[in-house]
Amino acid sequence: MSWNEANEAVDSMKGGGVDFMKLEQGKNQVRIVSEPEVMRQHWVGKVSSPCTGKDTCSLCASGDKVKVSFMFYVIDRKDNLLKIARFGAMIIKSLREYQKDDDFKFDTIPDYDIKINKVGDGMETKYTVIPGKKAELTAEEGAMVISPRPLSEVVAALQAKKAEESTAVAQSSS
């Protein structure tokens, strides 16, 4: 692999200059600023591996169950930077309840911050989601979210990387 290919791979993993956000133990406050993008993945030990689709995925072929998560652009209130967050079903179910609630209803993107409290690790992790007060984005925040790389491209780049790795492993073992 050349340095140019390595640099392109790093850029594709970062979402075009945007870092991924990892929820920390305790309170995490974010502002969701995009609609979700579905991410299908497998977990091998403690490492996630994007699913390339049941027709091309070796993990699907071996009978491993696909796990679904949802990627969003968020503003991480810890440093007020635009990041990509990956939320699982537990957080999405909470957001769905708020989406239907008269006080916190939203169609596509909530107009308030959310606080996500993370407790535990691995399969024992629990999340509590609490909505904040409704507030408009500041001009600076609005400028951050005008033209980030589409999340569908980020997911496609992750899946392409997985497909290349699977092909390389298959070729090296033959």
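Aspartate 102 pairs with lysine 105 in a salt bridge, with 3.5 Å between the closest N and O atoms; the term stands for a side-chain nitrogen of Lys or Arg within 4 Å of a carboxyl oxygen of Asp or Glu. Aspartate 102 is exposed, at a relative accessible area of 67%, while lysine 105 is partly exposed at 45%. Here buried means under 20% relative accessible area, exposed over 50%, and partly exposed in between, computed with a 1.4 Å probe on protein chains only.

Before we go on, a word on the model: it is predicted, so local features need pLDDT of at least 70 and side-chain atom pairs count only at pLDDT 80 or more, whereas totals for chains, interfaces and linings use all residues. Residues are numbered from 1 along each chain as its sequence is written, and side-chain values use heavy atoms, leaving out hydrogens and water.

Now let's look at helix 3, which spans residues 89–100 (helices are DSSP runs of H or I with at least four residues, numbered from the N terminus). Lysine 100 and glutamate 97 both lie in this helix, three residues apart, or about one turn. They form a salt bridge whose closest N and O atoms are 3.6 Å apart. Lysine 100 is exposed at 52% relative accessibility, and glutamate 97 is partly exposed at 47%.

Another pair joins aspartate 79 to lysine 83, with the closest N and O atoms 2.9 Å apart. Aspartate 79 is partly exposed at 35% relative accessibility, but lysine 83 is buried at 12%.

Finally, step back to the whole: the structure holds nine salt bridges. Arg31, Arg77, Asp113 and Glu141 are linked by such bridges into a network.

Definitions and conventions:
Helix = DSSP H or I, 4+ residues; strand = E, 2+ residues; numbered from the N terminus.
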